[in-house]
Amino acid sequence: MSELRMEQTTLGPLETNCYLLGDTDTGQAVVVDPGAPEPALEELISGWDIVAIILTHAHWDHFGGVPRLMEIAKAPLM
């Protein structure tokens with residue numbers, strides 16, 4: 001049975017919450033609010049097939065890691 005897994009880390013100088021929501025059967029996941037291109041972001045996505053990057057809003061502390069994540073994951077921004 002497929003299970004939804006949620007992981008959370010904080011990124012950037014304002015320690016913005018970043019979330020990974022993934023399907024354990026398919027290995028596919030989305031990342032929500034990747035605040036900074038830190039090693040913790042790459043650790044968070046390790047082992048997952050990132051299919052989308054989602055921003056809750058456009059404040060700088062929520063999208064700082066988007067360019068790096070798009071480079072690594074080749075996932076679209078939503």
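The strands here make up an open sheet of 4, in the order β1-β2-β3-β4, with mixed pairing. At the edges sit β1 (4–11) and β4 (49–54), each of which pairs on one side only. On average, neighbouring strands of this sheet are turned by 20° against each other, direction ignored; the axes behind such angles are lines fitted to C-alpha atoms, for helices over the stretch in contact, and angles run from 0 to 180 degrees between N-to-C directions. Strands (E, at least two residues) and helices (H or I, at least four) are DSSP runs, numbered from the N terminus, and two strands count as paired if DSSP finds at least two bridges between them.

A quick word on the source: this is a predicted model, where local features need pLDDT of at least 70 and side-chain atom pairs count only at pLDDT 80 or more, while totals for chains, interfaces and linings use all residues. Residues are numbered from 1 along each chain as its sequence is written, and side-chain values use heavy atoms, with hydrogens and water left out.

Strands of a sheet pair through backbone hydrogen bonds, either parallel or antiparallel. β1 and β2 (residues 16–23) go for the antiparallel sense, over 8 bridges, and R5 stands opposite G22 in β2.

Strand β1 also holds M6, which counts as exposed because its relative accessibility is 56% (buried is under 20%, exposed over 50%, partly exposed in between; 1.4 Å probe, protein chains only). M6 teams up with L4 and L21 in a nonpolar surface patch with about 320 Å² of accessible area together. Patches take residues with over 30% relative accessible area and no salt bridge, joining like charges within 9 Å and nonpolar side chains (Val, Leu, Ile, Met, Phe, Trp, Tyr) within 5 Å; areas come from the Shrake-Rupley method with a 1.4 Å probe, and for residues only the protein chains shown count as cover.

Next come the charges. The whole structure has 3 salt bridges, meaning a side-chain nitrogen of Lys or Arg within 4 Å of a carboxyl oxygen of Asp or Glu. R5 pairs with E7, with the closest N and O atoms 3.0 Å apart. R68 meets E42 at 3.2 Å, N to O. R68 lies in helix α3 (residues 66–73) and E42 in helix α1 (residues 39–45), so this pair ties together parts 26 residues apart in sequence. R68 also bridges to E71 at 2.7 Å between the closest N and O atoms. Both R68 and E71 lie in helix α3, 3 residues apart, about one turn of the helix.
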